[in-house]
Each structure stands twice: as structure tokens, then as C-alpha cells.
Amino acid sequence: MAYTELSSLSTDQAAFDQIAYFALRSEMLFDAAADVQPVAQSMPGTSVAFTIFSELADVTATLTETSDVTAIAMADSQVSITLAEYGSAVNTTAKLRGTSFLDVDAVAANLIGYNAGSSIDTVVANVLKAATNVIYGGGGSSTPTTNATVQAEDIVEANDVRIATAQLRGSKAQTFNGMYMGFIHPDVSYDLRRETGAASWRDPHNYVDTAQIYNGEIGAFESVRFIETPRAPLDLTGGSASTVDLYQTIIMGRQSLAKAHSITDGNGAFPKVVRGPVVDSLMRFNPIGWYWLGGYGRFREASLRRIDSSSSIGSNAS
């Protein structure tokens, strides 16, 4: 009896899962900290100015019965957020769409949507990492004085968090419902949570209202609600002799960060997905992208602290 073997025919094919998978993605978190935004913007413009009035000096002297008081001059300052354009796009071809076993237009839309959020979140992180009130990790034998002097041993300690909260309270920085907000890299979180001793990291707080828990939150410590994220600023080999990875933990009070955006032409608080026009002669190219016209800025520097440190599990060069 003759048998037709599989190898004799060309009908065998590899099967493909028709679901698109993507690279591992981190949560976008920093934009949520921008609690200062225009409420009554006067008109469209290239920038948005926020006005802050200074408090009057306390008056502790008693009044004189027959004399009028001397008027005190008021003072103000402004924080200006400049609007800038951000965006990117991809373009699929007719041949790709006609021969792919996946819906490449749906894949492109997914990639563009995530790229928009990730890009803007990085813009915000770059604004926060430039904060000027800096505390250095106290895990080493001597405290660094600049980023260039951060050694591999200068990891974060619990006392660094206490210093940050003490400074914030001293600056009258307001909290988010009783807690400051902290963004911490997983490598730094590891060092903070593994510290031993009675005054070190405590068990995470058990929340009653789970709706208020931020994505990535690992618990509250020393009046800081920490959010663990790989998007926390990390400058590879940014420490001592350009061999130590420099981590930056951001601790924020209210009104640390301001956000402004265009209010015309369909623009809003977040990037918009844009379907580009098909302009080629044979209508083969379908562009899709994202666009945003806006900006971020540090609103109250006194409400912001940055802890610069190394990590014991960082990829420090030898």
C-alpha cells in the first residue's frame, strides 16, 4: 500500500497566533502629580503665566488709638509655562496591509497611543529631575555634596526620607490628603525596604479606601506615599568618576508641578491621535501619529525634594 507522506506535499504551514504582543510597558504616572493647571485662562498664547502672591508679614505690635495704620505693599511673582509641540508618527504601506496576517493598522494605533503617553511622561520626569532642593543618600561613610561625588555605597536610608519630609514641612508644603507623594526606582526601593532597625521601613499601610491607591504604590513611610516605578529618573554612570549609577527619588507636596496646554484646534490636556492624510498618487500610505501642544514646569520649588543616591543592586561599572 502506498502512503503519501507530509514531506511529499507543500500543504504544511506554520501556524501563527493572530494576536499582537508588545514589549513590557511601565505605567505612566508623573502627569497625575501636576495639580496646578489653568482654571480661567484668558486667551490662547505661547505660554501660560500663573501668579503667586506673597504673604504679608505678621503684625504683632498693638495699635495706637489715635493713629492710622501704615499700609503694607503687596508683592507677587509669576511662574510661566511655555507651550511646545510634541508628536510622532508611523506610516503603513498598502503591501504591508495586504500581506500581513495581523491587522497592522491596529498594531500601529496601539504603538502610537503608548508612545504618546510614555513620551509625555518622560517630559514630566525630566522637569522633576531638575529640582534644585537635593538631599544625598546617607548610606556611605561620608555624605556626597554633588552628583559627581555619589559613591556606590551612598544608598538611600530611612533617615533621608525623614530629612525630606522635615524640610517639606518646614517649607509649609501641603500634602496630598495627609501624605506627600514619592516616586522611587525599584532598585532604590529595595535598599530602603531592606534596611534593618526599629526606625527603618514599616509594613505598608492598609488602606480602607482603595480607590485612592496610585498605580505602583508600595506603601506609606514617614508621611510619604511611595510609588515604585522604573520611570523614576536614573542616570547611568552619572555618579562618582562616571562609574556609579545615579538614582533620583522625587518627593512632592502639593503644587510642585504645573501643566498648561493649548485650548484651540482640538487640543487638550492629553495628546491626541491623528490620522494623517493619504496624499500619494496610488493611496498606498496610511500615516497615523500623535500630537500635543503643551508644557510642564515646577510651580513651587519649596514643595519639591530630590534624593540622589546609588543602589546596592545598580549596574555600577567597575
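**Close-up views of a predicted model**

**View 1. The largest nonpolar core and its most connected residues.** The largest nonpolar core comprises 26 residues, and those with the most contacts inside it are L128, F183, M252, L257 and Y296. A nonpolar core is here a set of buried Ala, Val, Leu, Ile, Met, Phe, Trp, Tyr and Cys residues joined through side-chain atoms within 4.5 Å, where buried means under 20% relative accessible area, exposed over 50% and partly exposed in between (1.4 Å probe, protein chains only). At least two residues of this core come from each of α2 (104-128), β5 (180-184), β9 (246-252) and β12 (286-298), and α2 gives the largest share, 9 residues; helices (H or I, at least four residues) and strands (E, at least two) are DSSP runs numbered from the N terminus. The structure is a predicted model, in which local features need pLDDT of at least 70 and side-chain atom pairs count only at pLDDT 80 or more, whereas totals for chains, interfaces and linings use all residues. Residues are numbered from 1 along each chain as its sequence is written, and side-chain values use heavy atoms, with hydrogens and water left out.

View 2. Leaving aside residues up to four places away in sequence, L128 touches F30, I250, M252, L257 and L304, a contact being heavy atoms within 4.5 Å. A second, separate core has 18 residues, among them I135, A164, L168 and Y247.

**View 3. The salt bridge between D35 and R254.** The side chains of D35 and R254 meet at 3.6 Å, N to O, in a salt bridge (a side-chain nitrogen of Lys or Arg within 4 Å of a carboxyl oxygen of Asp or Glu). Because D35 lies in the segment before β1 (47-53) and R254 in the loop between β9 and β10 (257-261), the pair ties together parts that are 219 residues apart in sequence. D35 is partly exposed, at 30% relative accessible area, and R254 is likewise partly exposed, at 29%.

**View 4. The salt bridge between E222 and R162.** The side chains of E222 and R162 form a salt bridge at 2.8 Å, N to O. This pair links distant parts of the chain, with E222 in the loop between β6 (217-221) and β7 (224-228) and R162 in helix α3 (residues 158-170), 60 residues apart. R162 counts as partly exposed, at 22% relative accessibility.
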